[in-house]
Amino acid sequence: LYPLAIRIAQKIPYSTVKAVFGFPPSTNIGLVFYTALQTAPSFYPSWAEGRSVPCLIPCGIDQDPHFRVTRDIAEGLGYPKPALLHSRMVPGLLGEGAMSTTGHRDDNVLFLNDPIPAVRRKIRHAFTGGRATVEEQRREGAIPEVCSIWALWRTRFAETDAEFRTLTENCRSGALLCGDCKSALLPKIEAFYERQHAARESVREWAESRIITEPPRPI
Ligand code: SF4
């Protein structure tokens, strides 16, 4: 990507990245260049195929400024503007700060190609906002805001706002225990993975035929 990133960098004035990211004078030059490298995949298909190929970029909201800058310079480079699909962030399954001390790195995240037994294991071991004992949780309630399972409910697995509100209230009041909460979530996640795996297989041949294997044309 580096030759393409260089070409992108030539179109982005320093004043633009300074204004967008609020860089102070102490900012290192790597950060100043970063937008060019981060957004190079937006144009890679056009560059590699030598024709105009629109690109859809799924990204977290924190990446949005890079791609907005990129959209401004796309036409100057002769490429279509990238479109963005903003993804909602969820915390890691092992909880804040747990990565350095516990668990395997892969256990912190659900991958879309995880087999269902691995998904079950990860959910069962996921960090929650629950209390140390059942009695304490019944008495004090749990803390949903720090819970990776609550984040999954919020993201897509609660089917209505009312269902999510009830779950949150029951979590806070201690009416819901973490084991039961995970048990209720698992069938929904498994159904999602079954649909996802089937959809993935149905487009595998087409997707593999679209993988770019030729080296890009020289600039
Ligand atoms: S009850 Fe559910 S949402 Fe609440 S802390 Fe436990 S696992 Fe998380």
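Here are a few questions and answers on this predicted model.

User: Before we start, what are the ground rules for this model?
Analyst: Residues count from 1 along each chain as its sequence is written, and side-chain values use heavy atoms, with hydrogens and water left out. As the model is predicted, totals for chains, interfaces and linings use all residues, side-chain atom pairs count only at pLDDT 80 or more, and local features need pLDDT of at least 70.

User: How far apart are the centres of domain 1 and domain 2?
Analyst: Domain 1 covers 2–87 and domain 2 covers 105–205, with bounds from an automatic or database domain assignment. Taken over C-alpha atoms, their centres are separated by 35 Å.

User: Which helices each supply at least two residues of the shell around the ligand?
Analyst: The surrounding residues (a heavy atom within 4 Å) include Cys147, Trp150, Cys178 and Cys181. Helices here are DSSP runs of H or I, at least four residues, numbered from the N terminus, and strands are E runs of at least two. The two suppliers are H8 (148–157) and H10 (178–209).

User: Which residue stands opposite Ile57 in E2?
Analyst: E1 (residues 56–60) and E2 (residues 83–87) run parallel, paired over five bridges; pairing takes at least two DSSP bridges. Further along, Gly60 faces Ser87 in E2. Opposite Ile57 is Leu84.
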